[in-house]
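We will go stop by stop, picking a few residues each time.

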Amino acid sequence: MKFDVLSLFPEMFEPIKASIIGRAEKNGLININLINIRDFSLDKHKKVDDTPYGGGAGMVMMPNVVNDAYNSIQDRENAKVIYLTPQGKTLTQAKVEELSKEEHLILLCGHYEGIDQRVIDEIVDEEISIGDYVLTGGELPAMILIDSVSRFVSGVLSNGSEEEESFSNGLLEYPQYTRPETFLEKNVPEILISGNHKKINEWRRKESLRNTYLKRPELLEKAKLSDDDLKTLEEIKNECK
Ligand code: 4FV
């Protein structure tokens with residue numbers, strides 16, 4: 001998986017090169033190429049933004065500088081260009097999994113009031129938002145997208161845990177426990193040390209349904225639930241009364 005990142009602050013991406021993503025890049029499983037949009041400013045003061053036509057507060061990133069930075073990317077014909085913006089569809093695990101099937105993503109990071117619409121119309125394939133709030137720039141959203149998508153690249157997660165986690169089945173995950181068996185006089189649920197994997201999976205499914213019912217009930221509408229799940233949900237609702 002190749003990521004080309006167009007940003008005015010490529011240095012912000014250093015932290016993402018730590019831990020799992022950094023190791024994945026060292027192992028050649030992913031490649032993160034950072035392009036500083038300011039390098040394409042022809043202006044002696046390296047100007048990349050200007051005042052908005054029609055007036056108003058703030059500055060807008062100039063189209064030609066962004067376009068030249070984009071045109072500097074080699075072999076971009078099969079790439080999908082994503083602009084991180086509050087105007088985009090909100091990122092979900094389903095969208096992350098879909099994007100993980102692409103071989104080349106170009107991530108465009110805005111700043112200030114945004115980017116001139118003409119270059120967006122020219123180069124952007126998809127607009128994605130990480131949530132309904134306003135940040136100072138698209139860099140953090142781009143890092144979130146790189147991190148979440150890279151987890152689906154085979155070999156990035158050593159244990160394949162991306163298969164069984166929150167949202168992988170449309171539900172929140174079940175509670176996790178590890179040693180010590182007793183903590184603050186609280187024991188790990190008996191079932192988990194029973195070795196009865198059928199019963200353990202049933203317990204985990206029930207706790208996933210319970211967590212989702214209590215914390216994100218709207219997810220239950222979209223989740224694929226079996227008749228057993230629906231029966232279990234009734235039990236949970238009665239238990240919560
Ligand atoms: C954002 C978001 C976001 C808007 C103005 C950058 C900022 C500035 N991007 N999801 N929420 N972007 O707030 O993706 O240009």
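**Stop 1: two helices**

Select helix α6, residues 197-215, and helix α8, residues 227-240. Their axes come within 10 Å and cross at roughly 60°. α6 and α8 are therefore oblique to each other. Angles under 35 degrees count as roughly parallel, over 145 as roughly antiparallel, 65 to 115 as roughly perpendicular, and the rest as oblique. Axes here are lines fitted to C-alpha atoms, for helices over the stretch in contact, and angles run from 0 to 180 degrees between N-to-C directions. Helices (H or I, at least four residues) and strands (E, at least two) are DSSP runs, numbered from the N terminus.

Look along the crossing: α6 passes α8 in a right-handed way. A crossing is right-handed if the near helix is turned clockwise from the far one by less than a right angle, and left-handed if anticlockwise.

Now show side chains. On α6, pick Arg205, Lys206, Leu209, Arg210, Tyr213 and Leu214. They meet residues of α8, among them Asp229, Leu233, Glu235 and Ile236. By class, this contact has six nonpolar, one polar and seven charged residues. Ala, Val, Leu, Ile, Met, Phe, Trp, Tyr, Cys and Pro count as nonpolar, Asp, Glu, Lys and Arg as charged, and the others, Gly among them, as polar.

Zoom in on Thr232, in helix α8. Is Thr232 buried or exposed? Thr232 is buried, with a relative accessible area of 15%. Buried means under 20% relative accessible area, exposed over 50%, and partly exposed in between, using a 1.4 Å probe and protein chains only. Leaving aside neighbours within four places in sequence, Thr232 is in contact with Lys206 and Leu209. Contact means heavy atoms within 4.5 Å.

A word on the source: this is a predicted model, where local features need pLDDT of at least 70 and side-chain atom pairs count only at pLDDT 80 or more, while totals for chains, interfaces and linings use all residues. Residues are numbered from 1 along each chain as its sequence is written, and side-chain values use heavy atoms, with hydrogens and water left out.

**Stop 2: the sheet**

Switch to cartoon view. Find the open sheet of five strands, in the order β2-β1-β6-β5-β7, with parallel pairing. Two strands pair if DSSP finds at least two bridges between them. β2 (31-36) and β7 (126-129) stand at the edges, each with a single partner strand, so one side of each is left without a neighbour in the sheet. The twist averages 30° from one strand to the next.

- Select Asp4 and, opposite in β2, Asn33.
- β1 to β6: five bridges, again parallel. Leu6 has Leu108 of β6 as its bridge partner.
- β6 to β5: five bridges, running parallel. Lys80 has Leu105 of β6 as its bridge partner.
- β5 to β7: five bridges, also parallel. Lys89 stands opposite Ile128 in β7.

**Stop 3: covered strands**

Colour by accessibility. In β1, five of six residues are buried. In β6, six of six are buried. In a regular strand the side chains alternate between the two faces of the sheet. Which residues of β6 lie on each side? His104, Ile106 and Leu108 are on one side, and Leu105, Leu107 and Cys109 on the other.

**Stop 4: loops**

Most residues other than glycine have a negative phi, and most peptide bonds are trans. Here are some exceptions to select.

Lys46 lies in the loop between β2 and β3. Its phi is near 55°, a positive value. Lys46 is partly exposed, at 36% relative accessible area.

Glu185 is in the loop between β8 and β9 (186-187). Phi of Glu185 is near 55°, also positive. At 78% relative accessibility, Glu185 counts as exposed.

Pro180 sits in the loop between α5 and β8 (182-183). The peptide bond from Arg179 to Pro180 is cis, with omega near 5°.

Gly55 is partly exposed, at 44%. Draw a line from Gly55 to Arg204: they are 149 residues apart in sequence and 57 Å apart in space, C-alpha to C-alpha.
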